[in-house]
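This report describes how the parts of a two-chain model are arranged and how they meet. Please read it beside the sequence and the coordinates.

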Amino acid sequence: MAPKTIIEKIWDEHVVYREDGKPDLLYIDLHLVHEVTSPQAFEGLRQKGRKVRRPDLTFATMDHNVPTVNRFVIEDEVARNQMTALERNCREFGVPLADLNSPEQGIVHVIGPELGLTQPGKTIVCGDSHTSTHGAFGALAFGIGTSEVEHVLATQTLWQHRPKTMQVNVTGALAPGVSAKDVILAIIGKFGVDFGTGYVLEFTGDVIRRLSMEERMTICNMSIEAGARAGLIAPDDVTFAYLRERKYAPKGEAFEQAVEKWKQLCTDEGAVYDRVIHMDGSEIAPTVTWGTTPAMSSPIDGTVPHPEEFATETERKAVQLALQYMGLKPGTKMTDIPVQHVFIGSCTNSRISDLREAARIVKGKKVAPGVRALVVPGSQQVKKQAEEEGIAQTFIDAGFEWRDSGCSMCLGMNPDTVPAGEHCASTSNRNFEGRQGKGARTHLVSPAMAAAAAIYGHFVDVRTLYKEAVR
Amino acid sequence: MEPFIIHKGKVAGLDRANVDTDQIIPKQFLKRIERTGFGQFLFYDWRYLPDGAPNPHFELNRPENEGATILVANENFGCGSSREHAPWALADYGFRAVIAPSFADIFYNNCLKNSLLPIKLPKEDVVYLLKKAERPDYELTISLEQQVVFDDEGFTSTFDIDPYRKQLLLKGWDEIDLTFVYEPYIIAYEKARS
C-alpha cells in the first residue's frame with residue numbers, strides 16, 4: 001500500500017461515498033454545538049420535519065453569550081433567547097446539553113477534550129472556526145457554517161473535497177519563557193494569515209513532540225488564523241495518558257484496544273505532503289501582535305514596524321490602517337506599549353496549565369494601577385481545579401477578577417468588552433478591529449506575557465522574569 | 001435555495017485585504033435566531049459613525065456604490081470566524097456575488113450555501129475591476145453556466161467552480177434532500193463500523 005499522511009488515513013477511513021466529479025461524502029464522528037451558530041440549523045430541521053440523525057454523536061453547550069459574573073442573570077434579552085432556544089432545541093431533538101447548571105459547562109473546545117469526547121482519528125465538526133483545536137489529539141477537526149451544521153444534524157455527513165496536506169515542522173528547542181502561543185504566533189507572523197488556505201496542517205518536529213496536550217491544543221487552535229481548514233498533531237503517549245479515565249473515553253480493555261488502533265495514526269515513512277514548511281523553535285521569542293491580524297506581530301524585544309518596510313502596496317496600506325486603528329507609531333518599542341486591560345481566557349489559552357503559568361508570574365505581586373485584569377477559566381471544571389490548587393486565590397490576591405467560564409472577552413458577545421481606544425493584552429486568538437469591543441486595541445500574547453503585562457502595566461519580556469526566578 | 005444562473009449588476013469596490021467576518025458582521029448582531037434581516041448590520045462598524053450616521057468615507061456609502069449587487073475586494077476575503085451570518089448579511093444587503101483574488105475556506109463554502117456566488121479571479125483582473133468600480137455606472141455580467149465574468153467594454157475573465165456546487169446553484173437544490181438519496185450508503189457505513 002502506498003504510504004499515507006495521517007490526514008489521508010483519517011480521511012479515507014471516513015469516506016461514505018466517492019464518485020468522480022464530486023466531493024467525498026464524509027462521515028462525522030462528533031458534532032459539537034453551541035448557542036450562536038445552531039438556532040437557524042435546528043429551525044431548518046423543524047421546517048422540513050427532519051430529525052437529528054445521531055443525537056448520540058452530538059453534544060451541545062453554551063459558551064459565547066454566557067455572562068461570567070452572575071451567570072444566571074442574562075440581562076441581554078436577545079442573548080437570553082438564544083440560550084433558551086438551544087435548551088428547547090436540545091430537548092426537542094434529544095441532543096445532550098451541558099447547560100449553565102452543569103459542572104461540565106465551558107467553552108466547547110475546552111470541554112470536548114476535557115470530557116474525552118475528542119479522540120484520535122475522529123472527524124469532528126462544530127459551527128465555530130476554532131474547532132481546529134481538537135486536531136491536537138490527531139483528530140480531523142474543522143469549523144463549519146450553519147447550513148453545514150444543519151446538514152450534519154440531518155445526515156451525520158458532509159460533502160467535502162479532499163484537502164491538500166502541509167507539514168509544519170518545528171525543530172530545535174524553545175527557550176524558557178517561550179510558549180506554544182509564541183510558536184503559533186511566530187509561524188503565522190512568518191508565513192502569513194492565509195498560507196494554510198485549502199490545506200490541513202500537520203505539526204511535527206521536536207518542539208511539538210515535547211509539548212503537553214494543552215500546549216498542542218493552543219497550536220492547533222490557531223491553525224485557522226493561518227487560513228487552514230484544520231491543523232493536527234499525530235497522537236503519542238502524551239495523548240493517550242491525557243485521555244485515560246476521561247468521562248467519554250473508552251475504559252479498561254477497550255481503552256488498551258483503542259490505544260493500539262490510535263498508534264497507527266501517524267504519517268508513514270515516505271508519504272508525501274503537498275507542501276512542507278520549517279520553523280526553528282530556538283529562534284522564537286515571546287511574541288506580541290501590534291496590528292489587526294494575527295500575523296502583524298513582533299518579538300517582545302522588537303519595535304512596531306514602519307509601513308515602508310513592507311513589500312506590496314496592499315500590505316503597506318493594511319499596515320497603515322492597522323497602526324492608525326491601534327494608535328501606534330512606527331519604531332515604538334513593544335515593551336513601551338501601555339496596557340489598560342488584561343484578558344486571560346478563550347479556547348486558545350484558558351486551560352489549567354495556562355492559568356498555572358500565568359499564576360507563577362502573578363504570585364505575590366499586584367496588578368498595576370489603572371489596569372483591569374480578568375481571568376476567565378475555559379470550563380467550570382478548570383475553574384474548580386484552579387480554586388482547589390490555590391491558583392484562583394493567587395489571582396484574586398493580586399487584584400485580578402476571577403470569573404465563571406465562557407468565551408467572554410475573546411469576542412465580547414457577553415458584557416465583557418474593552419472600551420474604544422484602550423489596549424488589551426489578551427491570550428485569545430484574534431486581534432481584528434472591534435473584536436473585543438468597538439475601537440478596542442487587542443494585543444495577542446501568551447498567558448505568561450499577559451500576566452506580566454497586568455503586573456507592570458506594559459509589555460515585559462518574560463524571559464527576564466524567568467531568569468530572575470532561576471537566580 | 002434561490003438558483004443562480006446569470007446576473008448583471010452594478011459593481012462596488014472594497015480595496016482591502018484580509019477582510020474578516022467580524023468586520024462583515026460584528027458580534028453584537030449574531031444573537032438573532034433567524035437567517036434574515038442581517039443586511040442592515042453589514043459592515044456596521046465601518047459603515048456607521050459612533051453617532052449612528054453613515055460614515056461618508058466608507059466605500060459602500062459612496063453615492064457611486066448605491067444599488068451595487070457585485071462586491072469586488074482583495075485577498076483572503078472572509079477570513080476568521082465561521083459565522084454564516086456574514087454571507088447572510090451580504091446577500092440580505094443585496095449582493096449576489098463577491099469577486100476577490102482569494103477567499104477564506106469556510107466563508108467560501110458558506111457563500112455557496114446561500115446563492116451568493118464567490119468568484120476567484122486573478123489579481124490583475126481584480127485590480128482592473130477595483131479601478132472600474134470607481135465609476136458610478138460600471139456593470140458586470142456573471143454567467144455561472146459559462147463560468148465567465150464580462151463587461152460591455154471588452155473585459156472578460158473565466159473562473160473555476162466545483163462542478164457539484166455549480167449544479168446545486170444552477171438548480172437551486174436543497175443539499176440535504178440530495179444527500180438523503182445516499183442514505184443507504186450512510187446506513188451501510190454505520191453498520192460496517194459498529
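This is a predicted model: local features need pLDDT of at least 70, side-chain atom pairs count only at pLDDT 80 or more; totals for chains, interfaces and linings use all residues.

## Domains of chain A

Chain A is divided into domain 1, covering residues 6–276, and domain 2, covering residues 299–470. The C-alpha centres of these two domains of chain A lie 25 Å apart, and their contact takes 32 residues from domain 1 and 31 residues from domain 2.

On the domain 1 side of this contact, the elements of chain A that give two or more residues are helix H4 (108–114), helix H6 (180–191) and helix H8 (213–221), and H4(A) gives the most, with four residues. By class, this side of domain 1 has 11 nonpolar, 13 polar and eight charged residues.

## Contact between the chains

The contact between the two chains takes 40 residues from chain B and 51 residues from chain A. On the side of chain B that touches chain A, two or more residues come from each of helix H1 (21–24), helix H4 (105–112), helix H6 (163–171), helix H7 (175–180) and helix H8 (183–193) of chain B. The largest share of this side, four residues, is supplied by H4(B). In terms of residue class, the side of chain B that touches chain A has 14 nonpolar, 11 polar and 15 charged residues.

## Overall form of chain B

The secondary structure of chain B comes to eight helices and seven strands, and its C-alpha atoms fill a box of roughly 60 × 45 × 25 Å along the principal axes. For 194 residues, a compact globule would have a radius of gyration near 16 Å, and the 18 Å of chain B agrees with this.

Of the 194 residues of chain B, 43% count as buried. Among the contacts in chain B with a separation of 6 or more, 70% are accounted for by residues 24 or more positions apart.

## The largest nonpolar core

The largest nonpolar core has 197 residues, of which A:Val342 and B:Val98 touch the most other members. Helix H15 (residues 447–456) of chain A provides the largest share of this core, with eight residues. Because domain 1 (6–276) and domain 2 (299–470) of chain A both give residues to this core, the core lies between them.

Once neighbours within four places in sequence are left aside, B:Val98 is in contact with B:Leu71, B:Ala73, B:Phe77, B:Leu90, B:Cys111, B:Leu116 and B:Pro118.

## An annotated site in chain A

An unreviewed UniProt entry lists A:Cys347, A:Cys407 and A:Cys410 under "binding site". Although these positions are spread over 64 residues of sequence, they cluster in space, with a largest C-alpha distance of 8.7 Å.

A:Cys347 is placed in the loop between strand S15 (341–344) and helix H12 (352–362) of chain A, and A:Cys347 counts as buried because it has 27 C-beta neighbours inside 10 Å. Not counting residues up to four places away in sequence, A:Cys347 touches A:Ile107, A:His109, A:Val110, A:His130, A:Thr133, A:Asn221 and A:Gly378. A:Cys410, for its part, lies in the loop between strand S17 (401–402) and strand S18 (423–426) of chain A, and A:Cys410 is buried, with 30 other C-beta atoms within 10 Å. With neighbours within four places in sequence set aside, A:Cys410 is in contact with A:Gly345, A:Ser346 and A:Ser428.

Terms used
Residues are numbered from 1 along each chain as its sequence is written. Chains are lettered from A and ligands numbered from 1 in the order in which they are written. A nonpolar core is a set of buried Ala, Val, Leu, Ile, Met, Phe, Trp, Tyr and Cys residues joined through C-beta atoms within 7 Å. A residue is buried if 20 or more other C-beta atoms lie within 10 Å of its own, exposed if 12 or fewer, and partly exposed in between; C-beta atoms are placed from the backbone. Domain bounds come from an automatic or database domain assignment. Two residues are in contact if their C-beta atoms, placed from the backbone, lie within 7 Å. Ala, Val, Leu, Ile, Met, Phe, Trp, Tyr, Cys and Pro count as nonpolar, Asp, Glu, Lys and Arg as charged, and the others, Gly among them, as polar. The radius of gyration is taken over C-alpha atoms; the globule rule is 2.2 Å times the number of residues to the power 0.38. UniProt positions are given in the numbering used here, feature names are shortened, and annotations may be inferred rather than shown by experiment.
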